[in-house]
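Biologist: I would like to learn how to read a structure like this one. Please take me through its sheet and its charged pairs.

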Amino acid sequence: MKLTSGKILNLKNRLKEALCHKLGFQIESIDFAANGVDNAVFLVREKDKGKLAVRVPWMEDGERMDENESGILSLKKEAELSAHCYHHGFPVPRIHNLSIDDEMSFLVSDFIQGDAVPISSFHIGEMIAQLHRLPVEGMQMTFHNESFSQILSSRIVTRANAIQLQVPPALELQKVLNQSAFQQSLLHLDVRPPNLIGQNGRIAAMIDWDNALIGDPVMELMRIAESKEIIENEFLQGYKNDSMLKNCDEMVQTVYRLDTAVMLAILFSVYIKNNVKRDYYVQRVQSLIKKIDNGM
C-alpha cells in the first residue's frame with residue numbers, strides 16, 4: 001500500500017470513532033505507529049486503560065471488508081495465536097478485544113515498551129525453542145485448511161510464477177516434503193529484530209504472527225539461516241537441538257530454504273525495492289532449484 005498522510009489521517013479518525021462507539025473508550029491520544037501490507041498499527045492512550053496497541057486493516061473511506069479478506073484474516077490469526085501463547089506463558093502482548101465488522105475491524109492489545117538494548121541471538125534461540133515446545137492440539141489456525149506440505153509446495157510455485165522464476169511442480173515439492181517425519185510445532189516464521197520487543201536485553205514480547213504455521217520446526221531454522229538477520233551459530237547454541245537438523249533430510253531442508261528465498265526475492269522485487277538483495281535471492285532461488293533437480 002502506498003502511504004499518504006491523507007490515508008493515515010482518514011484511517012485514524014475512523015478508528016477513533018469506532019473505538020469510542022464500540023468500546024466506550026475515552027481516547028486521550030491516538031498516533032500512527034507502524035504499517036504492514038495488510039494492517040496499520042496505532043498507539044492509543046485511553047483514559048483508564050493507559051497505552052494500547054491497535055491493529056486495523058487498511059481501508060479507503062467508504063470501503064467495506066468481508067471476513068475472508070486478508071486484513072481481517074490477519075487480525076483473527078494474530079488474536080488466536082497471541083491468546084494461545086499468552087495462555088501458555090510465552091511472551092506476547094495480551095489481547096483485549098477483537099472486533100470484526102465490515103465497516104471497521106480492529107484488534108486491541110497491550111502496548112509493550114521496548115528499549116534499544118540489543119537482544120542476543122542466543123536468547124532468541126532459547127525463546128524459539130520454547131515456542132516450538134508449546135502444545136498445538138486443538139488450535140484452529142486461520143489459513144490452515146491444507147496440510148503443511150501442501151501449503152508450502154503450492155505457495156512456492158505460486159510465488160515463483162509471480163516473478164517469472166521456474167521451480168519444480170508443486171506435486172514434486174510436496175513429494176519431497178512428505179518424506180519428512182516431524183513433530184508438529186507452532187512456527188512464527190518471521191523471527192527478526194523488528195518483531196521482537198526487548199527490555200534490558202531480554203525478550204518482552206514477540207509480535208506479528210501473519211506468517212505463522214503449524215509444521216516442522218526445521219523450517220523455522222532454515223528460514224533464519226536463509227534470511228541472515230540473526231547470527232545462526234549463536235541462535236543454534238541457544239536453541240539446543242542440533243540433532244533435529246542432523247535427522248532431517250537435506251533435500252527437505254533445501255525445499256524449506258527455497259520457500260524463504262522465493263519469498264525474499266518477491267519482497268525485494270516488489271515491496272522493498274532493493275536491486276542488490278533482489279539479485280542475490282533470485283540467484284539463490286536458481287541455485288536451490290538446481291540442487292533440488294539434481295537430487296530428484
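Predicted model: local features only at pLDDT ≥ 70, side-chain atom pairs only at ≥ 80, totals over all residues.

Biologist: In what order do the strands of the open sheet lie?

Modeller: The order is E1-E2-E3-E5-E4, five strands with antiparallel pairing. Strand E1 (27–35) and strand E4 (95–99) are the edge strands, each pairing on one side only. On average, neighbouring strands of this sheet are turned by 20 degrees against each other, direction ignored.

Biologist: Over how many bridges do strand E2 and strand E3 pair?

Modeller: Eight bridges join E2 (residues 39–46) to E3 (residues 50–57) in the antiparallel sense. As an example, Ala40 has Val56 in E3 as its bridge partner.

Biologist: Now the charged pairs. How many salt bridges does the structure hold?

Modeller: Side chains of opposite charge can pair when their charged atoms come close. The structure holds twelve salt bridges. In one of them, the side chains of Arg223 and Asp259 meet at 2.7 Å, N to O. Arg223 lies in helix H6 (residues 217–227) and Asp259 in helix H9 (residues 250–271), so this pair ties together parts 36 residues apart in sequence.

Biologist: Is Asp259 buried or exposed?

Modeller: Asp259 is buried, with a relative accessible area of 1%. Arg223 is also buried, at 6%.

Biologist: Which residue forms a salt bridge with Arg257?

Modeller: Glu226 does, with the closest N and O atoms 2.7 Å apart. Arg257 lies in helix H9 and Glu226 in helix H6, so the pair links parts 31 residues apart in sequence.

Biologist: Which residues are linked in a network of salt bridges?

Modeller: Arg55, Glu78 and Asp210 are linked in such a network.

Notes: Residues numbered from 1 in each chain as written. Heavy atoms only, no water. Pairing = 2+ DSSP bridges. Helix = DSSP H or I, 4+ residues; strand = E, 2+ residues; numbered from the N terminus. Axes fitted to C-alpha atoms, helices over the stretch in contact; angles between N-to-C directions. Salt bridge = Lys/Arg side-chain N within 4 Å of Asp/Glu carboxyl O. Buried < 20%, exposed > 50% of the residue type's maximum accessible area, 1.4 Å probe, protein only.
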